[in-house]
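Dear colleague,

I am handing over the structure below, and I would be glad if you could look through it with this message at your side.

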Amino acid sequence: MLRSPINHCKQCGAAVTYRVPDDGDTKKRAVCPACHTIHYENPLNVVGTVAHWGEQVLLCKRNIEPRYGKWTLPAGFMELNETTAEGAARETDEEAGAQFEMQGLFTLLNVARVGQVHLFYRARLLSDQFNPGSETIEARLFTEADIPWDEIAFRTVKETLEHYFADRRRGDYGVHTIDIV
Ligand SMILES: [Zn+2]
């Protein structure tokens, strides 16, 4: 999920160099030596859902790298011109073909090391039937006891599931801010 560095200028195509710009900036940027464009790189948002059906939550078995064959909550990169909740709903539809209604924000996870922020919303499933898309081998429901904890694709997903079942036991769902280091 690491981004590769910028190699060429998006304006003129010249090879860029990574250096601190001369404008008082303090960070190295991809600077074009030909047209002087500075390419700023900022974190990406990953958005998804904890979709639940009674005591169970929906997990998707990944049909794509990275972590092919591992289980994940439905999630993916936010697109332009959508809200975080719209993106989370879109990913849940695309990856699982689920019928659901969106609920509140549940976790916000900073993954500063790779320049990402992950946001998971709770979602109430309206059906236990799924129609997974091409990125998913299998979409199915798991109780807490059945969750394949050693086969979870990402730390952010594992942390979100742990908080979900802890809050479920308490009968009160908070919003959790977590820094993945
Ligand atoms: Zn350029």
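What follows is a walk through the metal site, the strands and the nonpolar cores.

Please keep in mind throughout that this is a predicted model.

**The zinc site**

The zinc ion takes its protein donors from the SG atoms of Cys 9, Cys 12, Cys 32 and Cys 35, which lie 2.2 to 2.4 Å from the ion. Along the sequence these donor residues follow the spacing C-x2-C-x19-C-x2-C. Cys 12 belongs to the segment before β1 (17–19), while Cys 35 sits in the loop between β2 (29–31) and β3 (38–39), so this pair ties together parts that are 23 residues apart in sequence. The arrangement of the four donor atoms is tetrahedral, because the angles they subtend around the zinc ion run from 103 to 118°.

How exposed or buried are these cysteines? Cys 9 counts as buried, at 5% relative accessibility, whereas Cys 12 is partly exposed with a relative accessible area of 42%, and Cys 35 is likewise partly exposed, with a relative accessible area of 32%. As for disulfides, the structure holds zero of them.

Between β1 and β2 the antiparallel pairing extends over three bridges, and Thr 17 has Val 31 in β2 as its bridge partner.

**Strand β5 and its partners**

Which strands pair with β5? One of them is β4, which pairs with β5 in the antiparallel sense over two bridges; here His 52 stands opposite Val 57 in β5. These two strands form a hairpin with two residues between them, and in the turn Gly 54 has a positive phi of about 60°.

Strand β10 (residues 136–142) is another partner, running antiparallel to β5 and joined to it by six bridges, and strand β6 (residues 71–72) pairs with β5 in the antiparallel sense over two bridges. Strand β5 is mostly covered, with five of its seven residues buried.

**The nonpolar cores**

The largest nonpolar core has 23 residues, and within it Leu 59, Ile 147 and Leu 161 touch the most other members.

Ala 51 is placed in strand β4 (residues 44–53) and, at 0% relative accessibility, counts as buried. With its neighbours within four places in sequence set aside, Ala 51 is in contact with Gln 56, Val 57, Leu 58, Ala 123 and Leu 125. From Pro 5, by contrast, Ala 51 is 46 residues away in sequence and 35 Å away in space, C-alpha to C-alpha.

Ala 123 lies in strand β9 (residues 116–125) and is also buried, with a relative accessible area of 0%. Not counting residues up to four places away in sequence, the residues that Ala 123 touches include Thr 49, Val 50, Ala 51 and His 52, together with Phe 100, Glu 101, Met 102 and Gln 103. Ala 123 and Phe 106 are 17 residues apart in sequence, and their C-alpha atoms are 9.8 Å apart in space.

With kind regards

Definitions and conventions. Residues are numbered from 1 along each chain as its sequence is written. This is a predicted model: local features need pLDDT of at least 70, side-chain atom pairs count only at pLDDT 80 or more; totals for chains, interfaces and linings use all residues. Side-chain values use heavy atoms; hydrogens and water are left out. Donors are N, O and S atoms within 2.8 Å of the metal (3.2 Å for Na, K and Ca); water is not among the atoms, so sites may look incomplete. Four donors count as tetrahedral if all angles lie between 85 and 135 degrees; four count as square planar and six as octahedral if opposite donors are over 155 degrees apart and all others between 65 and 115; anything else is irregular. Helices (H or I, at least four residues) and strands (E, at least two) are DSSP runs, numbered from the N terminus. Buried means under 20% relative accessible area, exposed over 50%, partly exposed in between (1.4 Å probe, protein chains only). Contact means heavy atoms within 4.5 Å. Two strands pair if DSSP finds at least two bridges between them. A disulfide is a pair of cysteine sulfur atoms within 2.5 Å. A nonpolar core is a set of buried Ala, Val, Leu, Ile, Met, Phe, Trp, Tyr and Cys residues joined through side-chain atoms within 4.5 Å.
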